[in-house]
Amino acid sequence: SSAASDVYKRQRTYGLQARPCTKRPGCVNYRIKWLQKRTLVVDPKRTPNIYREFSQYEYDTDKDGNFLPSVPDAENHTIDSVAYSLDRLIFNKNEGA
């Protein structure tokens with residue numbers, strides 16, 4: 001949208017390399033799948049909240065506790081920021097999930 005475009009332009013005036021991330025059906029699950037195939041090193045003593053978020057994040061479950069193919073959009077701020085920062089790499093056809 002033009003409003004989002006204005007945000008990126010304004011951020012660039014401050015020297016930030018801001019650009020939109022990929023938004024299409026299934027992109028959140030694709031990012032999670034891509035991250036799952038990588039080794040992430042997080043120090044639980046220095047960054048306990050980040051460690052907790054990555055170690056406790058799970059797929060959605062149904063009423064019987066069976067895992068669903070979707071991921072919740074809650075308690076995932078660090079995961080989102082990591083995925084957004086790697087967006088160009090994640091959606092590079094040579095680096096697929």
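Colleague: Which residues lie nearest the centre of the largest pocket, and how many line it?

Modeller: The largest pocket is lined by 13 residues, and Gln36, Leu40, Phe54, Tyr57 and Ile79 lie nearest its centre. This is a predicted model, where local features need pLDDT of at least 70, side-chain atom pairs count only at pLDDT 80 or more, and totals for chains, interfaces and linings use all residues. Residues are numbered from 1 along each chain as its sequence is written, and side-chain values use heavy atoms, with hydrogens and water left out.

Colleague: What makes something a pocket, and what makes a residue part of the lining?

Modeller: On a 1 Å grid over the protein atoms alone, a pocket is an open set of points with protein on both sides within 12 Å along at least five of seven lines, and a lining residue has an atom within 4 Å of a point. The largest one has a volume of about 270 Å³, a volume being the space filled by probe spheres set on the points. Both α2 (27-36) and α3 (48-56) supply at least two residues of its lining; helices here are DSSP runs (H or I, at least four residues), numbered from the N terminus.

Colleague: How do you know whether Asp87 is buried or exposed?

Modeller: Asp87, found in helix α5 (residues 87-90), has 6% relative accessibility, so it counts as buried (under 20% relative accessible area, with a 1.4 Å probe and protein chains only). Leaving aside neighbours within four places in sequence, Asp87 is in contact with Cys21, Thr22 and Arg31.

Colleague: What about Thr22, buried or exposed?

Modeller: Thr22 has 18% relative accessibility and therefore counts as buried. Thr22 sits in the loop between α1 (2-13) and α2. Not counting residues up to four places away in sequence, Thr22 touches Cys27, Arg31, Asp87 and Phe91.

Technical notes: 1 Å grid on protein atoms, 1.4 Å probe; cavity = no way out; pocket = protein on both sides within 12 Å on 5 of 7 lines; lining within 4 Å. Buried < 20%, exposed > 50% of the residue type's maximum accessible area, 1.4 Å probe, protein only. Contact = heavy atoms within 4.5 Å.
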